[in-house]
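Welcome to a short briefing on one protein chain. Please have a look at the sequence and the model first, and then we can walk through some details together.

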Amino acid sequence: MRMRPTLSWTSDGSALPGTTDPGPVAAALRAGGVLVLSGAGMSTESGIPDYRGEDGSLKRHTPMTYQEFTGDAAARRRYWARSHLGWRTFGRARPNTGHRAVAALERRGLLTGVVTQNVDGLHQAAGSTGVVELHGGLDRVRCLSCGTLTDRHALARRLEEANPGFDPGSAALNPDGDADLTDVQAAPFRVVDCTRCGGLLKPDVVFFGESVPPERVARCRALVDAADTLLVLGSSLTVMSGLRFVRQAAEAGTPVLIVNRDPTRGDRYAGTRIALPLGAALEEVCARLGVPVTGPEGPAGTVQGSY
């Protein structure tokens with residue numbers, strides 16, 4: 001069954017008043033057994049915008065749905081034109097302080113895992129290993145006919161060859177890795193198909209209106225069951241695919257903590273919402289715990305090598 005996409009929600013007044021004291025998060029992490037659930041706000045400090053913040057992309061466009069992608073060739077061409085252009089920027093994004101802090105906390109043994117709603121791979125690039133990509137990863141492409149998985153960089157090369165000189169100018173990047181283009185700008189773009197069977201190619205991500213694979217949901221539910229605390233980082237929890245785990249934790253009596261500057265759909269289930277930028281909040285938490293914020297890129301604020 002495929003879900004109708006939920007793009008927004010209206011607070012009913014149950015939002016927690018935000019605090020600027022990250023002490024409850026530090027205390028929970030000190031005790032260990034913390035499961036992280038991260039959202040788009042985790043990556044805004046890496047230059048990837050979120051959907052619903054002050055400058056969120058939903059103010060500019062509606063994300064592609066599974067039904068549009070599979071049922072409309074023109075919509076599919078528009079998506080791939082936008083996605084190909086966006087990948088040039090998206091694929092060069094680097095982990096920020098928040099990603100490195102999460103990886104450092106995992107290395108210290110304070111986390112039981114990371115469930116991320118993001119498709120950017122930045123948790124893994126920062127060094128996290130126990131990551132479940134709830135909505136998949138944009139660095140992979142799947143054939144809808146034969147199921148073959150290919151690397152996104154390989155597809156980018158094929159699309160470059162099929163569209164020499166394609167450069168419609170600057171465009172704003174969206175959280176799902178595509179860029180804002182008009183239909184006129186996207187019209188000349190040529191889409192390529194699966195090299196094995198000629199089937200339709202789709203990023204290995206869950207589109208709006210598409211269900212998360214049940215085995216992935218089951219894995220996440222098991223992680224929530226095993227956690228002593230659920231820590232939500234940078235998610236409005238508008239989409240049910242993430243909110244259900246917050247509800248599950250609350251129903252089981254597992255404490256829920258949220259770090260998000262704006263109110264969330266899950267506030268009613270949480271004990272505390274820390275209204276601070278993620279990078280600053282997690283850096284402060286790590287300092288209190290004596291956990292150095294380092295990773296494959298070196299100390300916070302430096303980048304070595306490429307992603």
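Is Tyr79 buried or exposed? Tyr79 is buried, with a relative accessible area of 3%; here buried means under 20% relative accessible area, exposed over 50% and partly exposed in between, using a 1.4 Å probe and protein chains only. You are looking at a predicted model, in which local features need pLDDT of at least 70 and side-chain atom pairs count only at pLDDT 80 or more, while totals for chains, interfaces and linings use all residues. Residues are numbered from 1 along each chain as its sequence is written, and side-chain values use heavy atoms, with hydrogens and water left out.

**Overview and confidence**

- The protein has 10 helices and 9 strands, where helices (H or I, at least four residues) and strands (E, at least two) are DSSP runs, numbered from the N terminus.
- Of the 307 residues in the protein, 54% are buried.
- Taking contacts between residues at least 6 apart in sequence, 75% join residues at least 24 apart; contact means heavy atoms within 4.5 Å.
- The average pLDDT is 87, and 83% of the residues score at least 70; pLDDT is the predictor's confidence in each residue, from 0 to 100.
- Residues 55–60 have pLDDT below 50, and this stretch makes 18 contacts in the model beyond near neighbours in sequence.
- Over residues 297–307 the pLDDT also stays under 50, and the model has 30 contacts there beyond four places in sequence.
- Where pLDDT is low, the predicted coordinates should not be read in detail.

**Aromatic residues**

- There are 6 aromatic pairs, counting rings of Phe, Tyr and Trp (its six-membered ring) whose centres lie within 6.5 Å; planes under 30 degrees apart count as stacked, over 60 as edge-to-face and the rest as tilted.
- Phe69 and Tyr79 are edge-to-face, because their ring centres are 5.6 Å apart and their planes stand at 85°.
- This pair links distant parts of the chain, with Phe69 in helix α2 (residues 66–71) and Tyr79 in helix α3 (residues 73–90), 10 residues apart.
- Phe69 counts as buried, at 0% relative accessibility.
- Tyr79 and Trp80 are edge-to-face too, because their ring centres lie 5.5 Å apart with the planes at 75°; both of these residues are buried.
- Together, Phe69, Tyr79, Trp80 and Phe207 make one aromatic cluster.
- Over the face of Phe207 lies Lys202, 4.6 Å from the ring centre; the rule for a charge over a ring asks for NZ of Lys or CZ of Arg within 6 Å of the ring centre and within 35 degrees of the ring normal.

**Cysteines**

- The model has 0 disulfides, a disulfide being a pair of cysteine sulfur atoms within 2.5 Å.
- Cys146 is in no disulfide, and its nearest cysteine sulfur, that of Cys143, is 3.7 Å away.
- Cys146 is partly exposed, with a relative accessible area of 36%, whereas Cys220 is buried at 1%.

- Strand β1 (residues 34–38) is largely enclosed by the rest of the structure, because 5 of its 5 residues are buried.
- In a regular strand the side chains alternate between the two faces of the sheet.
- Both faces of β1 are covered, with Val34, Val36 and Ser38 buried on one side and Leu35 and Leu37 buried on the other.
- β1 runs parallel to strand β2 (residues 111–116), joined by 5 bridges; two strands pair if DSSP finds at least two bridges between them.
- In that pairing, Val34 stands opposite Leu111 in β2.
- β1 also pairs with strand β7 (residues 229–233), in the parallel sense over 5 bridges, and here Leu37 stands opposite Val232.

**Helix α4**

- Helix α4 (residues 97–107) is largely enclosed by the rest of the structure, because 10 of its 11 residues are buried.
- Among the buried residues of α4 are His99, Arg100 and Glu106.
- The cover over the buried residues of α4 includes α1 (23–31), β2, α5 (122–125), β7 and α10 (278–289).

**Two further residues**

- Leu237 sits in the loop between β7 and α9 (240–251) and is buried at 0% relative accessibility.
- Phi of Leu237 is near 60°, a positive value in a residue other than glycine.
- Asp21 lies in the segment before α1 and is partly exposed, at 38% relative accessibility.
- The C-alpha atoms of Asp21 and Ala275 are separated by 8.5 Å, although these residues are 254 apart along the chain.
- Setting aside neighbours within four places in sequence, Asp21 is in contact with Ile274 and Arg288.
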